[in-house]
Amino acid sequence: MSEEVSKRAEEEADTPDLEGQSDDSSDEGDASGDTEMDFLRSLFSRTLGLSPGEKVLDELTLDGVARYILSGKCKNIICMVGAGISTSAGIPDFRSPGTGLYANLQKYNLPYPEAIFQIDYFKKHPEPFFALARELYPGQFKPTVCHYFMRMLKDKGLLTRCYSQNIDTLERVAGLEGEDLIEAHGTFHTSHCVSFLCRKEYSMDWMKNQIFSEDIPKCDSCGSLVKPDIVFFGENLPARFFTTMKMDFPRCDLLIIMGTSLQVQPFASLVNRVSNSCPRLLINMEKTGQSEFGMGLFGFGGGMDFDSDKAYRDVAYLSTCDDGCMALAELLGWKAELEEMVKREYALIDSKDAKTKDKEANQSSRSTGAEAGKSDKTE
């Protein structure tokens with residue numbers, strides 16, 4: 001027993017007196033902790049290739065982004081866009097509570113909202129999708145300020161490409177061409193027979209006629225369903241999405257993300273494919289795409305970082321996409337030019353629509369007259 005008491009006394013003598021430590025000792029402990037955290041950051045960075053890059057923006061604000069664009073150092077802008085850029089055109093987004101598309105599909109009696117875009121459900125029950133397509137079909141809406149801002153980036157030689165989740169084709173209407181676009185979730189621009197043995201292609205006009213005649217589009221070669229080339233849940237993204245992103249994102253020097261929740265993969269992961277020095281601007285109603293906790297804890301990777309003390313390249317401008325683009329255009333000295341472009345393009349669309357309506361009215365009138373003539377002869 002005496003040996004145990006003696007041993008315990010020696011251990012207690014060797015134990016630091018925590019309550020009696022000086023402030024200097026406490027500071028040394030904090031410094032040691034910081035050093036260990038820095039070591040872990042460095043270890044993970046080297047292992048995973050996630051080292052923070054050079055700070056390019058002089059300020060993490062929209063003004064800082066504008067100054068960077070005007071500096072001449074920014075020449076390869078990529079835009080990543082989602083449904084939020086088209087809501088001001090009258091097209092609902094998917095996930096907004098109360099107003100989003102998924103919140104207003106009760107009339108289609110779906111087992112769950114996303115079923116309307118499930119390929120297996122579509123093949124068995126195509127009616128809900130084509131009924132919805134009549135409501136949202138491209139050609140009934142005008143591009144937004146945001147769409148024309150991207151067109152302006154193209155005209156100024158700054159747009160490398162627009163990666164879009166949207167299927168409304170408004171990027172094309174605004175003046176972006178096939179080479180300017182990656183329609184990650186497909187498009188109504190073309191359609192194909194769903195049969196793997198057939199795969200006959202159909203035009204946008206053909207599909208439009210089928211949809212608005214309220215017929216379920218069927219292949220005239222094999223009788224199978226014909227589906228617009230939009231990507232349903234359960235289908236692969238277009239091959240061009242994967243090949244082009246490998247070329248585009250490493251050389252991107254400004255990534256602008258607009259109107260997307262960044263919840264759908266693999267599209268959402270594109271934000272991490274730019275270099276570690278590439279600034280990223282989010283224009284959205286709320287912040288999204290932020291770092292996962294584990295990655296954010298170590299101050300790198302894993303998504304967007306707007307608010308931590310390690311933030312060095314990500315900027316969030318919380319507003320509608322149109323307001324955000326107009327604010328950026330103003331800072332760039334492009335506001336009047338953008339407003340004039342929107343006004344001019346809307347006038348062209350209205351003029352084209354008026355001519356189309358006149359043509360349809362004339363055709364209808366001739367058809368009615370021909371039918372009347374046949375009736376007179378039979379009498």
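Predicted model: local features only at pLDDT ≥ 70, side-chain atom pairs only at ≥ 80, totals over all residues.
Residues are numbered from 1 along each chain as its sequence is written, and side-chain values use heavy atoms, with hydrogens and water left out.

His185 is located in the loop between strand 3 (181-183) and strand 4. Helices (H or I, at least four residues) and strands (E, at least two) are DSSP runs numbered from the N terminus. The "active site" annotation in UniProt, from an unreviewed entry, covers His185; UniProt positions follow the numbering used here, feature names are shortened, and annotations may be inferred rather than shown by experiment. With a relative accessibility of 15%, His185 counts as buried, where buried means under 20% relative accessible area, exposed over 50% and partly exposed in between (1.4 Å probe, protein chains only). Leaving aside residues up to four places away in sequence, His185 touches Ser164, Gln165, Ile167, Ile230, Val231, Val264 and Phe267, a contact being heavy atoms within 4.5 Å. A polar atom of the His185 side chain lies 3.4 Å from the backbone oxygen of Gln165.

A further annotation concerns four cysteines. Under "binding site", the unreviewed UniProt entry lists Cys193, Cys198, Cys219 and Cys222. These residues span 30 residues in sequence, yet no two of their C-alpha atoms are more than 8.9 Å apart, so they gather at one spot. Cys193 belongs to strand 4 (residues 186-193) and is buried, with a relative accessible area of 0%. Beyond residues up to four places away in sequence, the contacts of Cys193 include Cys198, Cys219 and Cys222, together with Arg199, Lys200, Ser224, Leu225 and Val226. Cys198, in contrast, occupies the loop between strand 4 and strand 5 (201-203) and is partly exposed at 27% relative accessibility.

The structure holds zero disulfides, a disulfide being a pair of cysteine sulfur atoms within 2.5 Å. For Cys198, the closest cysteine sulfur is that of Cys219, at 3.7 Å, which is too far for a bond. The sulfur of Cys325 likewise has its closest cysteine sulfur, in Cys146, at 3.7 Å, too far for a bond. Cys325 is buried, at 1% relative accessibility.

Strand 4 also takes part in the packing around helix 5. Within helix 5 (residues 127-136), the buried residues are Pro128, Phe129, Phe130, Ala131, Leu132 and Ala133. The buried residues of this helix pack against helix 4 (119-124), strand 4, helix 8 (204-212) and strand 6 (226-230).

Across the protein chain, twelve helices and nine strands are present. Of its 379 residues, 41% are buried. Among contacts between residues at least 6 apart in sequence, 68% join residues at least 24 apart. The chain exposes about 20,800 Å², of which carbon and sulfur atoms supply 50%; accessible areas come from the Shrake-Rupley method with a 1.4 Å probe, and for residues only the protein chains shown count as cover.

Key. Polar contact = N/O pair within 3.5 Å; in protein donor to acceptor, adjacent residues only side chain to side chain.
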